Amino acid sequence: MQTNLADFIRNTPEGDEADAILRNCVHCGFCTATCPTYQILGDELDGPRGRIYLIKQMVEGAAVTRSTQLHLDRCLTCRSCETTCPSGVQYGRLVEIGRKITEEQVTRPLGQRMLRRLLASFLPNSALFTPAMRIGQHVRPLLPKKLRDKVPARQRPLEWPTAKHPRKMLMLAGCVQPSMMPNVNVATARVLNALGVETLIAPEAGCCGAIRLHLGYNDEALDDLRANIDAWWPYIDKGVEAIVMNASGCGATVKEYAHLLRNDPAYAEKARRVTELTRDVAEILPEFEEALVAATRRRAIHTVAFHPPCTLQHGQQVRGKVEHLLAALGVEVRLPADNHLCCGSAGTYSLTQPKLSYALRDQKLERLKAQEPQVIVSANVGCIAHLQSGTSTPVAHWIELVEHMLSN
């Protein structure tokens with residue numbers, strides 16, 4: 001795809017990147033077959049190829065309209081199209097450039113501006129989010145269903161392991177996960193502890209940056225990145241083996257730190273090191289498979305349906321590891337039809353695009369429940385909460401299942 005960049009973006013980092021990505025696209029349309037929003041809406045402009053054309057037009061100087069912004073807003077950034085694309089088009093990076101341009105050139109309606117500002121200020125701030133979630137959980141039965149859907153039932157807390165080990169790994173606690181589903185972090189630490197690895201958390205680390213980044217608050221998102229790097233660096237200096245991620249949405253973003261801060265001379269090299277160290281827990285545990293199998297009590301076997309989050313299978317390109325590990329531990333893992341499709345959670349998408357989000361959730365749950373599982377497991381806090389809001393079948397993080405099998 002040939003481009004002729006407009007003056008406002010020519011010879012800029014965003015312009016050079018957009019130009020390179022656009023030139024890789026050959027208009028084949030394979031991406032539309034795996035795009036969730038195209039499948040539901042049937043509009044070319046609500047599929048990757050159509051959105052690519054819209055972004056091409058805007059970087060070439062065409063007027064950017066609310067209609068353009070709407071089509072980009074409807075994108076889940078699931079990146080299923082990247083997995084499908086035979087030409088290696090990095091659509092996820094391109095759509096973020098397009099969104100940044102629309103935010104600069106199109107004024108949103110007041111209601112949208114207020115909602116997005118609230119989400120960008122509230123969700124990544126654990127000092128505000130945690131007490132609000134605690135109150136919500138306390139009065140959960142009294143909440144309207146739409147609000148109750150966003151408030152998971154409070155978990156009975158597990159104990160954090162206290163043993164010290166020579167092998168140490170750093171873990172991002174996250175901004176919403178510690179209050180929504182704290183046992184995911186504890187279960188991760190307990191599993192690693194059983195394998196002789198001590199899990200450390202930097203108290204000053206916060207949101208990975210994904211929430212503000214995807215809402216268009218790019219400068220604030222980059223500040224989140226820098227704050228995490230500053231918080232982690234003393235641990236990296238002391239030689240931690242890895243930065244463990246158990247929320248695949250966070251992992252996909254942290255693995256982009258090197259790219260996002262590539263033009264920051266003060267942080268580019270540190271960001272590259274952080275990206276090198278960052279691994280989803282599903283990438284770490286295969287090293288310990290024999291030890292896990294030996295320690296697992298087989299009487300805790302379950303039949304599970306696994307929903308691989310988009311940020312794991314498409315964003316991080318990590319596939320098959322969870323299924324393989326659980327199978328090695330004696331769990332029957334069943335994948336639903338169209339397991340490559342998004343569940344509709346997609347960060348704040350269920351709040352900004354609720355109609356599409358819930359349609360995708362119900363579609364996903366229908367296919368998951370067709371597997372007749374005892375438990376549905378996933379690998380991202382947002383997916384778990386979103387799916388649980390539509391079913392009475394328990395939905396959990398797969399690492400919680402592993403921890404349960406080790407401790408029972």
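1. Basis. The model is predicted, with local features requiring pLDDT of at least 70 and side-chain atom pairs counted only at pLDDT 80 or more, whereas totals for chains, interfaces and linings use all residues. Residues are numbered from 1 along each chain as its sequence is written, and side-chain values use heavy atoms, with hydrogens and water left out.

2. Packing of α3 and α4. Helix α3 (residues 48–59) packs with helix α4 (residues 66–73) at an angle of about 135°, the axes being 10 Å apart. Helices (H or I, at least four residues) and strands (E, at least two) are DSSP runs, numbered from the N terminus. Axes are lines fitted to C-alpha atoms, for helices over the stretch in contact, and angles run from 0 to 180 degrees between N-to-C directions. The two helices are therefore oblique to each other; angles under 35 degrees count as roughly parallel, over 145 as roughly antiparallel, 65 to 115 as roughly perpendicular and the rest as oblique. Their crossing is left-handed, a term used if the near helix is turned anticlockwise from the far one by less than a right angle.

3. Contact of α3 and α4. On the α3 side the contact is made by R51, L54, I55 and M58, and on the α4 side by T68, H71 and L72 (contact means heavy atoms within 4.5 Å). By class, four of these residues are nonpolar, two polar and one charged. Here Ala, Val, Leu, Ile, Met, Phe, Trp, Tyr, Cys and Pro count as nonpolar, Asp, Glu, Lys and Arg as charged, and the others, Gly among them, as polar.

4. Packing of α1 and α6. The axes of helix α1 (residues 13–24) and helix α6 (residues 91–105) cross at roughly 135° and come within 10 Å. That angle makes α1 oblique to α6, and the crossing is left-handed. From α1, E14, E17, A18, I21 and L22 meet R93, L94, I97 and K100 of α6. This contact divides into five nonpolar, no polar and four charged residues.

5. The structure holds three cavities of 30 Å³ or more. On a 1 Å grid over the protein atoms alone, a cavity is a set of points where a 1.4 Å probe fits but cannot get out, and a pocket is an open set with protein on both sides within 12 Å along at least five of seven lines; lining residues have an atom within 4 Å of a point. Grid points are joined across faces, edges and corners, and a volume is the space filled by probe spheres set on the points. The largest cavity has about 130 Å³ of space. It is lined by 16 residues, of which C25, C31, I52, C85 and V89 are the closest to its centre. Helix α3 gives the most to this lining, with three residues. The lining has 11 nonpolar, three polar and two charged residues.

6. Second largest cavity. This cavity holds about 70 Å³ of space. Its lining includes P48 and R51, together with C75, C78 and C81. Elements α2 (36–41), α3 and α5 each supply at least two lining residues.

7. Second largest pocket. About 770 Å³ of space lies in this pocket. Of its 29 lining residues, Q155, P394, V395, A396 and E400 lie nearest its centre. Helix α24 gives the most to the lining, with four residues. By class, the lining has 15 nonpolar, six polar and eight charged residues.
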